[in-house]
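Me: I'm new to this structure, and I'd like a close look at one part of it. Could you walk me through that part and what surrounds it?

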Amino acid sequence: MADKTDLQLVKEAQKGNIGAFDLLVIKYQNRLQSIIAKYVSNFDDVPDIAQETFLKAYRALHNFRGDSEFYTWLYRIGVNTAKNYLVSKSRRPVFSDVDIQESDYLHPEDTSTPESNIMTSELESIIKNSISELPEDLRMAITLREYEALSYEEIASIMKCPVGTIRSRIFRAREIIDDVINKNLNVL
């Protein structure tokens with residue numbers, strides 16, 4: 001059963017094969033928890049929110065038609081579940097755990113001198129802060145592109161808007177981040 005595509009597993013799960021859905025959970029649980037952790041500052045809550053996401057997905061599985069990738073559909077449920085959690089806890093999304101080193105776009109050059117290590121640390125802090133200050137639509141688009149490495153088409157499907165809008169949001173987010181970096185580097 002492990003060689004089957006996501007769509008095949010979904011169809012089997014829709015027919016009542018719980019083992020097929022279990023394989024989807026195993027396949028995507030780490031990725032889903034990683035996304036949820038970008039919204040929720042309390043790491044202890046991440047596994048619970050991920051579990052709730054999978055429960056919601058299982059209950060709504062009959063609605064999945066295969067118009068998008070299963071992960072895209074699951075991702076949207078996960079983001080909404082994390083946002084609902086934040087609303088219920090009266091919290092604001094925090095990107096304090098974003099690992100800047102994982103991003104190609106935001107990956108500063110690695111050098112080993114103490115001065116450059118300090119500059120790298122300062123740059124990482126500036127980038128994290130600038131991302132957390134972006135409007136939600138820009139923050140989500142840049143995060144999906146740079147940290148999740150999703151295509152523009154996948155992001156458009158998740159955010160339910162045209163690909164052109166996604167390109168524009170990512171471009172604006174990068175411009176804002178670059179401006180913040182340039183302003184702060186002039187101060188340093």
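Reply: Let's start with Glu148 and its contacts. Leaving out residues up to four places away in sequence, Glu148 touches Arg31, Ser34, Ile35, Tyr71 and Thr143. You'll find Glu148 in the loop between H6 and H7. Buried or exposed, then, is Glu148? Glu148 counts as buried, because its relative accessibility is 12% and the cut-off for buried is under 20%. Keep in mind that this is a predicted model, so everything here is read from predicted coordinates.

Now move along to H7. Tyr152, Ile155, Ala156, Ile158 and Met159 are buried in this helix. Look down the axis of H7 and those buried residues fall within an arc of 165°, so they line one face of the helix.

Not counting residues up to four places away in sequence, Met159 touches Arg76, Asp137, Met140, Ala141, Leu144, Ile166 and Arg169. Met159 also belongs to the largest nonpolar core, which has 55 residues. Along with Phe21, Tyr39, Phe70 and Tyr75, Met159 is among those with the most contacts inside that core. Among the elements that give two or more residues to the core are H6 (136-146), H7 (152-159) and H8 (163-187), while the largest share, 10 residues, comes from H4. As a rule, nonpolar side chains in soluble globular proteins tend to be buried together.

Just after H7 comes Lys160, with a positive phi of about 55°. Lys160 turns up again in the largest pocket: 14 residues line that pocket, and Phe64, Ser68, Trp73, Ser157 and Lys160 lie nearest its centre. H4 and H7 are the elements that give two or more residues to the lining, with H4 providing the largest share, five residues. The space in this pocket comes to about 280 Å³.

How far can you trust the picture? The chain averages a pLDDT of 81, and 82% of the residues score at least 70. Among the helices, H1 has the highest confidence, at 92, and H5 the lowest, at a mean of 77. Over residues 91-111, pLDDT stays under 50, although the model has 54 contacts there beyond four places in sequence. Where pLDDT is low, the predicted coordinates should not be read in detail.

Methods. Residues numbered from 1 in each chain as written. Predicted model: local features only at pLDDT ≥ 70, side-chain atom pairs only at ≥ 80, totals over all residues. Heavy atoms only, no water. Core = buried A, V, L, I, M, F, W, Y, C linked by side-chain atoms within 4.5 Å. Buried < 20%, exposed > 50% of the residue type's maximum accessible area, 1.4 Å probe, protein only. Helix = DSSP H or I, 4+ residues; strand = E, 2+ residues; numbered from the N terminus. Contact = heavy atoms within 4.5 Å. Arc of directions from axis to C-beta. pLDDT = per-residue confidence, 0-100. 1 Å grid on protein atoms, 1.4 Å probe; cavity = no way out; pocket = protein on both sides within 12 Å on 5 of 7 lines; lining within 4 Å. Points joined across faces, edges and corners; volume = space filled by probe spheres on them.
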